[in-house]
Number of protein chains: 2
Amino acid sequence: MDRIPILKLGDALLVTIQVDMHDRLAMALEEDLTAKIAATHARGVLIDISALEIVDSFIGRMLDNIAAVSRVLDAETVVVGMRPAVAITLVELGLSLAGVKTALNVERGMTLIEDRIHADAVDRGDLDDRPDE
Amino acid sequence: MDRIPILKLGDALLVTIQVDMHDRLAMALEEDLTAKIAATHARGVLIDISALEIVDSFIGRMLDNIAAVSRVLDAETVVVGMRPAVAITLVELGLSLAGVKTALNVERGMTLIEDRIHADAVDRGDLDDRPDE
């Protein structure tokens, strides 16, 4: 397997990390993601890491990179499904994932992205700011 | 990695197959899926196989099994993202995946499942049968 599949879900892209990441796979994922954001006009990227028992500084940097590149392309990155033990390790490593939003699961992550799209539409005056009824 | 993550998306569960399946992993996936269908009352199971370059008879049987068990639990299985070459191989192997629905991508698969939920609701008389406006 030399590519991680990227699934389109509404205005977001979903990536599930299941395998050990190495340099080449991480670079391929970043390239594929940027290409797909541009091609699909996605406004958000959901990265599910619920399968990962360990997140080291390499994965931390990869997530930061993806978030930074996506932001330039006007897509927000949300990391979902992080295990509690992984969160503890990340903080101990001094990796706070400052540029990355997190959510408990895919559904909440999707809500975050939809809220942002809605807020942007309100800012542009396309919608009033009442919630959907 | 000894478990494939199962993500909840609305009324469906999403599984992305990225790694080589072996006996134990396939059995664990079937067990996890049935437990999660029961726990979440999911009405559909989406299995994305876009990462698979080869689908052999073992994977074919696993997909059939998952579909059969899910059906008993009142959830429909849709296999999405199959590569054209995989479809050709499946037919050559004589595996037509008779019990499994297929769709081109996750979004179309999700539409299939939502249509079925809607049709069931109409049958029960919870909704009229006009399409959403």
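Contact here means heavy atoms within 4.5 Å. The model is predicted: local features need pLDDT of at least 70 and side-chain atom pairs count only at pLDDT 80 or more, while totals for chains, interfaces and linings use all residues. Side-chain values use heavy atoms, without hydrogens and water.

**View 1. Contact between chain A and chain B.** In this view, 18 residues of chain A are in contact with 18 residues of chain B. The two chains bury about 1,600 Å² between them, 60% of it on carbon and sulfur atoms; buried area is the accessible area (1.4 Å probe) that two parts lose on being put together, summed over both. On the chain A side, Leu7(A), Gln18(A) and Glu107(A) lose the most area to chain B, together 38% of what that side buries.

**View 2. Relation of the two copies.**

**View 3. Residues between helix 1 and helix 2 of chain A.** Helices are DSSP runs (H or I, at least four residues), numbered from the N terminus. From helix 1 of chain A, the residues in the contact include Leu29(A), Leu33(A) and Ile37(A); those from helix 2 of chain A include Phe58(A), Met62(A) and Ile66(A).

How values were computed. Residues are numbered from 1 along each chain as its sequence is written. Chains are lettered from A and ligands numbered from 1 in the order in which they are written. Helices (H or I, at least four residues) and strands (E, at least two) are DSSP runs, numbered from the N terminus.
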